Amino acid sequence: MHEWSLAQAVVKAATDFANKNGFKKRIKVSVLLGELQQIDKEIFTHALEEITKELKDWHITYEIKEEKAKLKCRTCGFEWNLSETKKRLSEKQAEFIHFIPDIAHSYMQCPNCKSVDFEIKKGRGLSIASVEEI
Amino acid sequence: MLGIDARFSVIEDRLKGVKRIIAVSACKGGVGKSVISCSLALKLAERGYKVGLLDLDFFSPSDHMILGIKPAFPQEEKGLLPPTIYGIKFMSIIYFIEDKPAPLRGIDVSNAIIELLAITIWKELDFLIIDMPPGIGDATLEIIRAIKRLEFLLVSTQSKLAWESVERMIKMLKQQSIPVIGIIENMKQKDSDFIKRNAKDLGIRYLGAIKFDPGLEDSLSSVEKISKTEFAKWLEEIIPKLLQQEKFK
């Protein structure tokens, strides 16, 4: 159900942005879903639609893209994809990372040198790529 | 790419039902900030207020230990509902890291704090007590950026070293016109008006002293035992001053 709180955040941020920039209430919002946060796209899309229905006068279309996570070790410089370390996570640990992606540092290590000091270069979580008037 | 961080847009919404947000802050570790945060939350709840306690000291979260609870994961309801413990709604990073370390760099701490603020549903509260990270680094700055209605409650021992760091924090808060409720002098061991005098010179309200209580350590992890300590009695005397809305900017 975390998808609902994320969807609320997107709708609020996008409409605030549109209001601030003097847009009419017809907008297209492009959203990036970072792999690390493991957002269920179907539930998230449904939540966006339901929340948008409750807004008066707004017509919002959504474009949702997924972004693969890329991690880089700060100690040895090794880069890796999430799929290489994700399989070692328990269901509970994956759930914790779903809520707070940065907690990945408590549960993941560099596959090359075992350092816990790594950078989440791409695909951390949710972000709004663009809001356009249509 | 626009890169709007949607999380900031909901934080104010999540906190709109909270009347006062008190950031309990100290610049040095070990001055008793977490014990004061927990005890203050408990005392306010005893007085019938609706209270939340948020442990944002990510590197050494300890409020759950002070309260003597085994963390149970918050209930989900389009966000996370903090469990109610001893009449307090309690949220902490501990729910997510359990017994693991959290080796986070500044950017990761900032992100985790914003995420936690964005997903936690407090509903109606009279007070939200935040156990702040020590110092004025990334974590503290991020909390100041994210929460617009913060009031700071500062904690210092009578050590000149502790005071010097607190003094820097006061100056930073004043520069940004962030309200400071006052300062508590904790673990006082000898008669001295050093903290009181210096607080007055900076225009900061001196709320009172809590003497060093050798019995406090053995009381930790038991709310009942903490409530019977000398520490708790001294804190009780300070609370009426905290409840006054007078703020120094």
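1. The largest nonpolar core holds 135 residues, and A:F44, B:F96, B:I129 and B:F152 make the most contacts inside it. Helix α1 of chain A, residues 2-20, supplies the largest share of this core, with nine residues. The model is a predicted one.

2. B:F152 is one of the residues with the most contacts inside the core.

3. For A:C73, the nearest cysteine sulfur belongs to A:C113 and lies 3.6 Å away. A disulfide needs the two sulfur atoms within 2.5 Å, so A:C73 is in no disulfide. A:C73 is buried, because its relative accessibility is 2%.

4. How far is the sulfur of B:C27 from the closest cysteine sulfur? The distance is 19 Å, to the sulfur of B:C38, which is too far for a bond. B:C27 counts as buried, with a relative accessible area of 16%; the cut-off for buried is under 20%.

5. Is A:S5 buried or exposed? A:S5 is buried, because its relative accessible area is 3%. Apart from neighbours within four places in sequence, A:S5 is in contact with B:R14, B:K78, B:G79 and B:I119.

Note on methods:
Residues are numbered from 1 along each chain as its sequence is written. Chains are lettered from A and ligands numbered from 1 in the order in which they are written. This is a predicted model: local features need pLDDT of at least 70, side-chain atom pairs count only at pLDDT 80 or more; totals for chains, interfaces and linings use all residues. Side-chain values use heavy atoms; hydrogens and water are left out. A nonpolar core is a set of buried Ala, Val, Leu, Ile, Met, Phe, Trp, Tyr and Cys residues joined through side-chain atoms within 4.5 Å. Buried means under 20% relative accessible area, exposed over 50%, partly exposed in between (1.4 Å probe, protein chains only). Helices (H or I, at least four residues) and strands (E, at least two) are DSSP runs, numbered from the N terminus. Contact means heavy atoms within 4.5 Å.
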